[in-house]
Amino acid sequence: MSSQDIPEETLPSAQGAHEGAVATAGDPFADPGLPPHEHRIQDIDEQAARRSERVVAMLFTLSMLATVGFIASYVTLPVDKNIYVFPIGHISALNFALGLTLGVALFCIGAGAVHWARTLMSDVEVADDRHPIEASPEVKAKVMDDFRQGAEESGLGRRKLIRNTMFGALALLPLSAVVLFRDLGPLPGTKLRKTAWSEGKMLINQNTMQPLRPEDVQVGSLTFAMPEGMKEEDHDFQQEIAKAALMIVRLRPENIKDKRSLDWSADGIVAYSKICTHVGCPISLYEQQTHHVLCPCHQSTFDLSDGGRVIFGPAGHALPQLRIKVNDKGYLEAMGDFSEPVGPAFWERG
Amino acid sequence: MSTASASDNRRKAPAGERVADWADGRLGIYSLAKANMRKIFPDHWSFMLGEVCLYSFVIIILTGVYLTMFFHPSMNEVVYHGSYTPLQGVQMSEAFRSTLNISFDVRGGLLIRQIHHWAALIFLAGMFVHMMRVFFTGAFRKPREVNWLFGFLLFVLGMFTGFTGYSLPDDLLSGTGVRFMEGAILSVPIVGTYISMFLFGGEFPGSDFVPRFFSIHVLLLPGIMLGLLVAHLILVFYHKHTQFPGPGKKNENVVGMPLLPVYMAKAGGFFFLVFGVIAAIAAIATINPIWAMGPYRPDQVSTGAQPDWYMGFAEGLIRVMPGWEINVWGHTFVLGVFIPLVIFPLVLGAIAVYPFIESWVTGDKREHHLLDRPRNAPTRTAFGAAWIAAYFVMLVGGGNDLWATHFHLSINAITWFVRVGFFVVPVLTFIATKRICLGLQRRDKDKVLHGRETGIIKRLPHGEFIEVHEPLSQDQLHTLTSHEQPKPLELEPEVDENGVARKASATQRLRVKLSKGYYGEGNQIPKPTVQEYEEITSGHGHH
């Protein structure tokens with residue numbers, strides 16, 4: 001049953017038999033029923049109604065014009081033209097024109113429809129009944145009976161062998177789906193423990209792509225390096241650089257607080273993994289006075305003058321240091337791979 | 001003769017009616033329309049929040065389909081030779097290059113991309129606010145608990161759809177986000193490294209995650225969401241809309257305007273309003289300028305890296321958690337990352353299960369179609385406010401670097417504030433909100449008993465100043481007094497009338513205690529009674 005066939009008199013206000021109406025006299029808080037409908041200006045003044053009609057029609061017309069404008073912009077504006085729009089700045093002319101015309105075309109349809117609904121369509125509030133969602137006891141009893149009969153006819157409860165084997169079959173079947181996902185990727189193995197660094201690999205400056213000499217590294221500057229032999233075009237470059245990225249700073253040897261760190265340095269140059277031990281962002285902010293480096297992602301802060309120790313933030317362990325030396329030709333080279341896994345910690349890290 | 005007139009009748013029926021007849025004979029649309037065409041929808045501004053979500057979802061689907069025509073979900077490395085000169089000759093993935101092409105070479109491509117992304121942000125924000133509306137008005141109560149869960153699932157899936165979506169262009173910012181996700185996965189005990197290898201097809205970043213995220217983003221998650229959305233809407237229709245209490249509005253009726261024409265025009269028009277506003281935003285506000293960030297390289301990063309807002313809460317958890325790591329028996333418990341990973345669903349889940357906790361505590365098994373004003377359910381309102389407080393404290397944590405640079409604060413101080421605040425601020429918020437609710441209840445009571453303050457000061461003949469109070473109309477009196485005030489549960493006496501000792505179980509005690517917290521003394525202000533009202537209004541009034 002729909003609302004339009006509910007006559008006005010079923011509304012609480014007019015419902016003489018409704019208890020609320022009777023009690024009103026004695027109870028100041030009783031429900032007075034739906035308030036009477038208040039007429040809008042458009043309901044009583046045809047002139048105002050016509051004004052509203054014109055506004056709605058104007059909005060729809062504006063939308064049409066905007067659509068024409070959209071097509072015109074699409075056809076006439078070059079895709080690479082930039083314009084200055086105050087206060088936004090330099091933006092793509094085409095994007096600006098298309099977006100605004102589309103926006104106006106859409107908005108005006110919406111505004112027209114809403115204005116139409118608010119001013120010209122009936123705004124009489126009506127009440128509709130709700131019905132409890134729960135089934136009546138009779139319906140429930142019937143459903144239960146039907147189910148019992150159906151279950152009995154299937155014999156599921158009686159023939160245990162069928163039931164058990166069916167459950168077994170259904171339970172095993174999804175294993176096939178699980179197995180199918182095995183080839184999503186390889187097993188971890190020792191992949192996370194090894195990087196592209198090995199003994200004798202020279203440190204290549206990432207900016208110049210030339211091998212680094214100790215004199216290239218000045219106190220107070222942060223240099224990024226990668227192992228020799230790695231090329232951007234390599235198919236596994238992204239995976240390898242994700243582990244091998246290295247940062248190098250020169251400290252005064254007397255400033256190196258950690259003894260092992262001093263042993264692993266060359267001419268006061270220390271080389272640390274650039275990959276944060278928290279969740280693996282590349283660390284890239286260097287404070288030259290304190291020799292602290294900061295990861296811009298989650299603000300873990302490490303002290304490069306003290307063995308890469310964590311001094312603030314969510315990282316759980318120190319940055320791994322790469323043992324380096326100056327080779328016969330005067331270039332910096334690695335004396336082996338990192339002695340521990342680089343990057344974020346994991347279960348097998350130990 | 002009679003057959004001729006029958007065919008005459010058929011010819012006379014308008015074309016639209018004949019099409020409808022045809023459809024009715026096959027689909028039964030008339031019965032469907034009978035029940036729904038003039039269905040009543042109550043009107044309240046807050047009911048449009050859900051519509052914002054629905055419409056932005058539709059906009060996302062429409063623009064997303066367009067984007068798939070131009071986007072190449074591939075991580076093959078290519079060298080860029082397109083029209084964006086700053087990146088000429090730069091090595092990048094095909095995904096990134098095709099996103100550049102959409103932004104610079106496809107006419108209107110940038111607009112559709114920006115509408116897609118803006119609509120996604122608005123979709124998530126809309127769901128969040130809609131969920132809060134439903135929460136604070138108690139609209140989640142029976143019979144709508146299942147729909148509450150559907151809505152919650154849509155919110156959670158929306159977050160993951162958003163995350164997989166903004167990771168697709170393979171730019172420097174989103175790649176950093178994916179790296180963060182990989183680091184979080186690695187922290188999972190025992191299976192972390194395996195999940196990571198399987199997800200990325202090997203070591204991070206590999207060349208598989210963009211195509212994999214693509215099918216998750218355009219097919220798997222939206223497919224589930226579409227199903228949930230349809231179910232959500234069917235239930236809204238089936239349960240009928242809730243309404244705020246007021247004159248003529250009862251739990252057994254629904255008062256408002258019919259679907260055809262008013263609601264159809266308003267709601268249909270509102271779709272165009274939402275779409276229009278989002279299109280205008282996309283015209284003037286750049287979002288996710290991937291060309292400025294460049295392609296992803298695992299050894300590069302930009303400062304001020306921020307995820308989309310709905311991930312900010314998770315970002316905050318990961319940023320402020322102390323870096324605990326325990327090494328035992330050759331294994332590492334990466335608690336500093338794993339604990340945030342566990343807290344994230346727990347905090348979200350706390351709001352999801354609340355309806356069931358409340359109905360257990362109150363023992364209320366009736367249907368509720370009349371909404372609560374938040375002040376009339378102080379404990380629920382305080383819980384919701386505390387939850388939001390925890391959420392926003394973590395948002396602050398997620399943006400700790402921006403807070404530090406914009407307000408010249410110490411990042412260490414902010415981090416410590418968030419660490420402490422996550423536990424303290426919700427408690428303070430709970431207490432403050434509850435007091436505010438009770439204060440508002442007192443004010444309502446005063447208004448009922450003494451009338452509305454008019455602001456008119458009257459001087460009496462003997463010099464006293466009084467403020468004139470205007471009595472409320474019966475409509476207002478009814479609205480302010482119609483809410484229920486249940487009594488708290490009582491423990492059954494330990495010894496029953498037959499002298500048999502019966503000890504209450506621990507859960508029963510807890511339930512009674514919680515019930516006191518909801519409805520006990522001091523947790524709700526007793527409503528004014530008719531007697532009180534009449535004593536005050538008869539004779540001693542100020543007029």
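**A loop, and on to the helices**

Guide: Let's begin with A:Met209, which sits in the loop of chain A between strand E4 (203-205) and E5. Those labels come from DSSP runs, numbered from the N terminus, with helices being H or I runs of at least four residues and strands being E runs of at least two. A:Met209 isn't a glycine, yet its phi is positive, at about 60 degrees.

Before we go on, a word on what you're seeing: this is a predicted model, where local features need pLDDT of at least 70, side-chain atom pairs count only at pLDDT 80 or more, and totals for chains, interfaces and linings use all residues. Residues are numbered from 1 along each chain as its sequence is written, chains are lettered from A and ligands numbered from 1 in the order they are written, and side-chain values use heavy atoms, leaving out hydrogens and water.

Staying with loops, look at A:Pro87, between strand E1 (82-85) and strand E2 (89-92) of chain A. A cis peptide bond links A:Phe86 to A:Pro87, with omega about -5 degrees. Chain B has a cis bond to show as well, joining B:Phe204 and B:Pro205 with omega about -10 degrees. B:Pro205 lies in the loop between helix H9 (192-200) and H10 of chain B.

Two packed helices are described by the angle between their axes and the distance between the axes. The axes here are lines fitted to C-alpha atoms, for helices over the stretch in contact, and angles run from 0 to 180 degrees between N-to-C directions.

Take H4(B) and helix H10 (residues 209-239) of chain B: their axes are 12 Å apart and they pack at an angle of about 150 degrees. H4(B) passes H10(B) in a left-handed crossing, meaning the near helix is turned anticlockwise from the far one by less than a right angle, while clockwise would be right-handed. H4(B) brings B:Leu54, B:Phe57 and B:Thr68 to this contact, and among the H10(B) residues are B:Phe214, B:Met225 and B:Leu233. Contact means heavy atoms within 4.5 Å. By class, that contact has nine nonpolar residues, one polar and no charged ones (Ala, Val, Leu, Ile, Met, Phe, Trp, Tyr, Cys and Pro count as nonpolar, Asp, Glu, Lys and Arg as charged, and the others, Gly among them, as polar).

H4 (residues 48-68) of chain B also meets helix H6 (residues 109-136) of chain B: their axes come within 8 Å and cross at roughly 155 degrees. H4(B) and H6(B) are therefore roughly antiparallel too, and H4(B) passes H6(B) in a left-handed crossing. Here the classes come to 16 nonpolar, eight polar and two charged residues.

Now step back to where the chains meet. The contact takes 98 residues from chain A and 114 from chain B. About 9,000 Å² is buried between them, 62% of it from carbon and sulfur atoms; buried area is the accessible area (1.4 Å probe) that two parts lose on being put together, summed over both. On the chain A side, A:Phe29, A:Arg130 and A:Trp347 lose the most area to chain B, together 12% of what that side buries.

Three salt bridges are counted between chain A and chain B, each being a side-chain nitrogen of Lys or Arg within 4 Å of a carboxyl oxygen of Asp or Glu. B:Lys142 forms a salt bridge with A:Glu134, the closest N and O atoms lying 3.0 Å apart.

Terms used: Parallel < 35°, antiparallel > 145°, perpendicular 65-115°, else oblique.
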